[in-house]
Amino acid sequence: MGNISCVFCGCVEQASVGVVERWGRFEKLAEPGLHFFNPLAGQCFAGYLSTRISSLDVKIETKTKDNVFVQLICSIQYRVIKENADDAFYELQNPKEQIQAYVFDVVRALVPRMNLDDLFEQKGEVAKSVLEELEKVMGAYGYSIEHMLMVDIIPDPSVRRAMNDINAAQRLQLASVYKGESEKVLIVKRAEAEAEAKYLGGVGVARQRQAITDGLRENIVNFSHKVEGTSAKDVMDLIMVTQYFDTIKELGNSSKNTTVFIPHGPGHVRDIGDQIRNGVMEAASGQVSVE
């Protein structure tokens, strides 16, 4: 419905306060409700003030200590103090301009002493300083500052791009470190697996050779007992010939297209046997001399 007034009466709505004058001079404050006046005595309504909380957004452009231009957006919630509404009515013609001027003054005194990173970290401290200054000044004019919020800090676009690039570079560096660590673990594990495989392969080869040696010794002994007049040398020559032909057979059955030139003939088989036998005897004699 709003505030209504005429010559003889006036209605003050809820969350408002009326200012009553007598002959142009402040007389009293009118609470919400219906009020009657005596115009012959000079009484009249001079005006109304809302006691609701009002909001004022202020945009401030300033420079930080490290020479970065930033735009700060502040939001101030304020209201008229009901008991001091006469001061608010008569002292200030435009309270929004007054509040804005003090916000500009405090912010531009604090921010140039801070680096950009410090400003982001301590924006609550800046808002607190502005709030304290506004409460001290505006309280004398009948206004109460309810809240002071630092809504946003907007650096220059080129600075924002640079900050994003730095952040991206740091994250890429961290990702590279993690990737290097993972590759290191894979290489170490692969090397450990290869070492274990070679060890097990060596154990297998050693066992294979031991089995071959035991089998040859057993064959030589059995053959010597069953065929009279044969010596261990004859049996060894026979086994070598058999192994020789088995080797040639394996080479022939190989699927790889590889040509291998091997000297062939009975004399060559005997030469191979003599070479192996001489090598074994030399190794045995060397071991005896060392002992």
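I take contact to mean heavy atoms within 4.5 Å. The model I examined is predicted.

**Entry 1: I76.** I looked up which residues I76 touches, setting aside those up to four places away in sequence. I found S54, S55, L56, V58, I99, V103, L134, I145, H147 and M148.

**Entry 2: cores.** I then turned to the largest nonpolar core, which has 34 residues. I76, I99, V103, L119 and L134 are those with the most contacts inside it. I noted that β7 (54-63), β8 (69-80), α1 (85-91), α2 (95-110), α3 (116-121), α4 (123-138) and β9 (143-155) each supply at least two of its residues. β8 gives the largest share, six residues. Apart from this core I recorded another, of five residues, including V12, V20, A30 and F45.

**Entry 3: sheet.** I traced an open sheet of three strands, ordered β7-β8-β9, with antiparallel pairing. β7 and β9 are at the edges with a single partner strand each, so one side of each has no neighbour in the sheet. From one strand to the next the twist averages 20 degrees. I found 11 bridges in the antiparallel pairing of β8 and β9; C74 has M150 in β9 as its bridge partner. α2 packs on the sheet, where it touches β7, β8 and β9, and its direction makes about 35 degrees with that of β7.

**Entry 4: α4.** I asked which residues of α4 are buried. They are V126, A127, V130, L134, V137 and M138. These residues lie on the same side of α4, because they cover an arc of only 100 degrees around the axis. I listed β8, α2, α3 and β9 among what covers them. α4 lies across β8 and β9, at about 150 degrees to β9.

Note on methods
Residues are numbered from 1 along each chain as its sequence is written. This is a predicted model: local features need pLDDT of at least 70, side-chain atom pairs count only at pLDDT 80 or more; totals for chains, interfaces and linings use all residues. Side-chain values use heavy atoms; hydrogens and water are left out. A nonpolar core is a set of buried Ala, Val, Leu, Ile, Met, Phe, Trp, Tyr and Cys residues joined through side-chain atoms within 4.5 Å. Buried means under 20% relative accessible area, exposed over 50%, partly exposed in between (1.4 Å probe, protein chains only). Helices (H or I, at least four residues) and strands (E, at least two) are DSSP runs, numbered from the N terminus. The arc is that of the directions from the helix axis to the C-beta atoms. Two strands pair if DSSP finds at least two bridges between them. Axes are lines fitted to C-alpha atoms, for helices over the stretch in contact, and angles run from 0 to 180 degrees between N-to-C directions.
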